[in-house]
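Subject: Structure handover

Hello,

Here is the structure I said I would pass on. Please open it beside this note. My findings follow below it.

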Amino acid sequence: MSELTIRKVLGDHARLSIDAGGVAVGADLYELGLTSHASVNVMLALEDSFDIEFPDELLRKSTFASVEAIRDALVELGVA
């Protein structure tokens, strides 16, 4: 379920050049058009969707670089 929610958030906030549903889990989201501004919107939407807060140590570009990286961060936070 968390991957579907991640993809929904990406579709709503990431402004990717392709549909978020078709993004490979390891694809570089920044290469697909994710900007630093959009990544903040993605982070905030993920926090709302999962009722979490990303700690400072996860506030880095690599945390939001792919669906897989986001999922791993959520697992680390005990969500997925």
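The protein has three helices and zero strands. Keep in mind that this is a predicted model.

Overall shape

The C-alpha trace spans about 30 × 25 × 20 Å along its principal axes. For 80 residues, a compact globule would have a radius of gyration near 12 Å. The protein has 11 Å, which agrees. Of its 80 residues, 42% count as buried. I also looked at contacts between residues at least 6 apart in sequence. Of these, 51% join residues at least 24 apart.

Helix α1

Helix α1 covers residues 2-13. Its twelve residues should span 16 Å at 1.5 Å a residue. The end C-alpha atoms are 16 Å apart, so the helix agrees with that expectation. The buried residues of α1 are Ser 2, Thr 5, Ile 6, Arg 7, Val 9 and Leu 10. Their cover includes α2 and α3. Just after α1, Arg 15 takes a positive phi of about 55°.

Salt bridges

How many salt bridges does a search of the whole structure find? The search gives three. Side chains of opposite charge can pair when their charged atoms come close.

Start with Glu 3 and Arg 7. Their side chains meet in a salt bridge at 3.1 Å, N to O. Both residues lie in helix α1, four residues apart, about one turn of the helix. Is Arg 7 buried or exposed? Arg 7 counts as buried, because its relative accessibility is 12% and the cut-off for buried is under 20%. Glu 3 comes out as partly exposed, at 26%.

Glu 3 also forms a salt bridge with Arg 71. The closest N and O atoms of that pair are 3.1 Å apart. Arg 71 lies in helix α3 and Glu 3 in helix α1, so the pair ties together parts that are 68 residues apart in sequence. Arg 71 is partly exposed, with a relative accessible area of 23%.

Then there is Asp 12 with Lys 8. Their closest N and O atoms are 2.6 Å apart. This pair sits in helix α1, four residues apart, so about one helical turn separates Asp 12 from Lys 8. Asp 12 is partly exposed, at 47% relative accessible area. Lys 8 counts as exposed, because its relative accessibility is 51% and exposed means over 50%. As for shared partners, salt bridges join Glu 3, Arg 7 and Arg 71 into one network.

Rings

The count of aromatic pairs comes to one. The rings are those of Phe 54 and Phe 64, with centres 5.3 Å apart. Their planes stand at 65°, so the pair is edge-to-face. Both residues lie in the loop between α2 and α3, so the pair ties together parts that are ten residues apart in sequence. Phe 54 is buried, and so is Phe 64.

Lys 61 lies over the face of Tyr 30. The distance to the ring centre is 4.7 Å.

Thr 63

Where does Thr 63 lie? Thr 63 is in the loop between α2 (36-50) and α3 (67-76). Thr 63 is buried, because its relative accessible area is 5% and the cut-off is under 20%. Which residues does Thr 63 touch, not counting those up to four places away in sequence? They are Phe 54, Leu 58, Ala 69, Ile 70 and Ala 73. Phe 54 is also a member of the edge-to-face pair described above.

Where to look

Then go to the rings of Phe 54 and Phe 64. Finish at Lys 61, over the face of Tyr 30.

Best wishes

Note on methods:
Residues numbered from 1 in each chain as written. Predicted model: local features only at pLDDT ≥ 70, side-chain atom pairs only at ≥ 80, totals over all residues. Heavy atoms only, no water. Helix = DSSP H or I, 4+ residues; strand = E, 2+ residues; numbered from the N terminus. Buried < 20%, exposed > 50% of the residue type's maximum accessible area, 1.4 Å probe, protein only. Contact = heavy atoms within 4.5 Å. Salt bridge = Lys/Arg side-chain N within 4 Å of Asp/Glu carboxyl O. Phe/Tyr/Trp six-rings, centres within 6.5 Å; stacked < 30°, edge-to-face > 60°. Lys NZ or Arg CZ within 6 Å of the ring centre and 35° of its normal. Expected span 1.5 Å × (residues − 1). Rg over C-alpha atoms; globule rule 2.2 N^0.38 Å.
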